[in-house]
Amino acid sequence: MKLYCLSGHPTLPCNVLKFKSTTIMLDCGLDTTSVLNFLPLPLVHSPRLSKLPGWVSKDGSINLEKELKECGGRVFVDSQPELCLPERELMDLSTIDVILISNYHCMMALPYITEHSGFTGAVYATEPTLQIGRLLMEELVNHMERVPKAQSATCWKNKEIQRLLPGPLKDVAEVWAWKRCYTIQEVNSALSKVQLVGYSQKVELFGAVQVSPLSSGYSLGSSNWIIQSHYEKVSYMSGSSLLTTHPQPMDQSSLKNSDILILTGLTQMPTANPDGMLGEFCSNLAMTIRAGGNVLVPCYSSGVIYDLLECLYQFIDSANLGSTPFYFISPIANSSLEFSQIFAEWLCHNKQSKVYLPEPPFPHAELIQTNKLKHYPSIHGDFSSEFRQPCVVFTGHPSLRFGDVVHFMELWGRSSLNTIIFTEPDFSYLDALAPYQPLAMKCVYCPIDTRLNFHQVSKLLKEIQPLHVVCPEQYTVPPPAQSHRSDLMLELPAPPLPYRRCSVLSLPFRRRYERIHLLPELAKSLVPSEVKPGVSVATVSGMLQSKDNKHTLMSVPRPPPAAPTKKRKRVAEEPPELLAPKALLSGAVPLDGFLATLHKHGVSEVKVEETADGHILHLQAEDALIQMEAHATHIVCDNNEPMRATLRDLVLRFLQKL
């Protein structure tokens, strides 16, 4: 059993498990933190960005003015943003049989894998994961294609040049794994390979293993996966939450008795309490609106935004924000809000019960009906005529490198009345803001990450007790910024097995058993013998047939009677002679009883010698030797075959034949 790690980002995993002749990819996360090294893509021409000076090394030996621009003391790549793909050289991706998706954030690299590697397998995901994942991919493509850049920067990636660049570009790893965004045609082709599954549904892979998704409690349709054969069980736990939010609660009991638990996707903000962050978000928002400023919330178009809108729904009236307009701007805004209302069976019980009243499960439906929340595909068109300030705008992308958020940063960044509130934990807010400096608007960091923290996961592992835990190496040491915090790492009685990008782990688990089916006619021919009270054993002689990873034991076919013929057949064509199986012996030979039997048969001069494994009997008059061990008996009798046969028969009296 082997595990290949293709991604170095623990919350955007991509691993491959080789288990029982199947090759299973677990998630295919796309690391978008690479876009922080690029300049933003403005929706309208930005004089500020266009006038940035190009970068030239101090000695003038390297001139990359066309590729790199200086802004606020940092250097950025001036080209279409590129994304960090999972490793593609570690193994042949065309050999992957199946891809299991745990949530819609962990499937964004799917088109790169299914469309460019020769992949011919199947992809399994729940319906909300597929549909919301499709929306997020379409949104990403839309953001990139809406503001295309002609040039592509490649010279700076040269190793000899990169090491001479200023930080952080100098220290960026895996730059040759960075690629431009896929196209909408590749998205549609990749998602056509996805097969839908429901929680606890068992899917058989080639008769070798069964896979089954379980609710992970993190997002709509998010799953943990069980991969099991008849005798082994591997659990894959990625992006799970025990908090009471809108998805179905996490299924913990089904993870018990795992031989291997692959653990990834823990919280990126172990010190930030999500409830406290929500409270801080609301109070900062209200403070800015009362002062006459605008609030910008750079966020994903699905997920935490549902909880933010629900929190604001309860907060609006008490904070006297009833007249403040809330805008949600995204090419997929309408679809995202509607999908959240129709996936009722994937929601927590409280929200499911509302559907039968009937009421919309999420309160943002009421915000839309009362015109407090308005959604638009972009800043062009209706939004520009209906826009009024002060207001709250939810829009993407959280990296501030592309999407409608870039326009609002240019529009509102110069006023200290306005506030930007970061809620997504995927990006460093300081790095996100770097190309907009100097910035007058206030910045508030309220990262909301509902995934398991180290305390919760340690408690959970004590309950489910897997034999071995495998996790990213980042979880086995405290974070670099807080090296004294031993509570911010995974501490288990048996140390977990760590992995990092491009590592290959041989998992400490050996398969020992395989299930075999007996055909009824062969089963009828068995004659059990009782070896001890309540335990019967029968010997089996048959022919083993293995097909589609299923093993069947059947009777040995009898050769057809030979037709009378005068011609002589070749020896090779004669059917093999079927020998009757030898009897199996069981039991032990008691020393005293055996000596008494020898005496009865006239063997009286016996010298007994003790050994580490048993006894050696010297029959001096007969010049013979009997070596008795726990699992074997040897009779040595030179040139006296009748005596050897007699001694053998006396030994066999004490043993049981099967």
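This is a predicted model: local features need pLDDT of at least 70, side-chain atom pairs count only at pLDDT 80 or more; totals for chains, interfaces and linings use all residues.
**Note on sheets, helix contacts and burial**

Five bridges link β29 to strand β30 (residues 550–554), and the two strands run antiparallel.

1. The β29–β30 hairpin. Two residues lie between the strands of this hairpin, and Asp548 takes a positive phi near 55°. Two of the pairings can be named. Lys547 has Lys550 in β30 as its bridge partner, and Ser546 is bridged to His551 in β30.

2. The sheet around β30. On the β26 side, β26 and β30 pair in the parallel sense over three bridges, with Leu518 opposite Leu553 in β30.

3. Burial of β30. How much of β30 is covered? Four of the five residues of β30 are buried, and the strand is mostly covered.

4. The seven-stranded sheet. Another open sheet has seven strands in the order β11-β9-β8-β3-β2-β1-β25, again with mixed pairing. Its edges are β11 (194–196) and β25 (504–506); each has a single partner strand, so one side of each lacks a neighbour in the sheet. Ignoring direction, neighbouring strands of this sheet are turned by 25° against each other on average.

5. At the β25 end of the order, strand β1 (residues 2–5) is joined to β25 by three bridges, and the two run antiparallel. Within this pair, Tyr4 stands opposite Val504 in β25.

6. Helices α16 and α17. Two packed helices are described by the angle between their axes and the distance between the axes. For helix α16 (residues 591–600) and helix α17 (residues 641–653), the axes come within 10 Å and cross at roughly 140°. α16 and α17 are therefore oblique to each other, since the class of roughly antiparallel begins over 145 degrees. Their crossing is right-handed. On the α16 side the contact is made by Phe594, Thr597 and Leu598, which meet Leu647, Leu650, Val651 and Arg653 in α17. By type, the residues of this contact divide into five nonpolar, one polar and one charged.

7. Helices α6 and α7. The axes of helix α6 (residues 274–290) and α7 come within 11 Å and cross at roughly 60°. That angle makes α6 oblique to α7. α6 passes α7 in a right-handed crossing. From α6, the residues in the contact are Leu278, Phe281, Cys282, Ser283, Leu285 and Ala286; from α7, they are Leu308, Cys311, Leu312 and Phe315. Nine residues of this contact are nonpolar, one is polar and none is charged.

8. Helix α8. α7 also takes part in covering another helix, α8. In helix α8 (residues 333–342), the buried residues are Ala333, Ser336, Leu337, Phe339, Ser340 and Gln341. The elements that cover them include α3 (127–146), α7 (304–315), β18 (326–329), α10 (364–369) and β19 (373–376).

9. Helix α12. Is helix α12 (residues 405–412) largely enclosed or open? Six of its eight residues are buried, so α12 is largely enclosed by the rest of the structure. The buried residues are Val405, Val406, Phe408, Met409, Glu410 and Trp412. Glu410, a charged residue by type, is one of those buried.

10. Pro478. This residue lies in the loop between β23 (468–472) and β24 (497–499). Its relative accessibility is 22%, so Pro478 counts as partly exposed; the cut-off for buried is under 20%. Which residues does Pro478 contact, leaving aside its neighbours within four places in sequence? They are Ser483, Arg485, Ser486, Leu488 and Met489. Pro478 and Leu17 are 461 residues apart in sequence, and their C-alpha atoms are 27 Å apart in space.

How values were computed
Residues are numbered from 1 along each chain as its sequence is written. Side-chain values use heavy atoms; hydrogens and water are left out. Axes are lines fitted to C-alpha atoms, for helices over the stretch in contact, and angles run from 0 to 180 degrees between N-to-C directions. Angles under 35 degrees count as roughly parallel, over 145 as roughly antiparallel, 65 to 115 as roughly perpendicular and the rest as oblique. A crossing is left-handed if the near helix is turned anticlockwise from the far one by less than a right angle, and right-handed if clockwise. Contact means heavy atoms within 4.5 Å. Two strands pair if DSSP finds at least two bridges between them. Buried means under 20% relative accessible area, exposed over 50%, partly exposed in between (1.4 Å probe, protein chains only).
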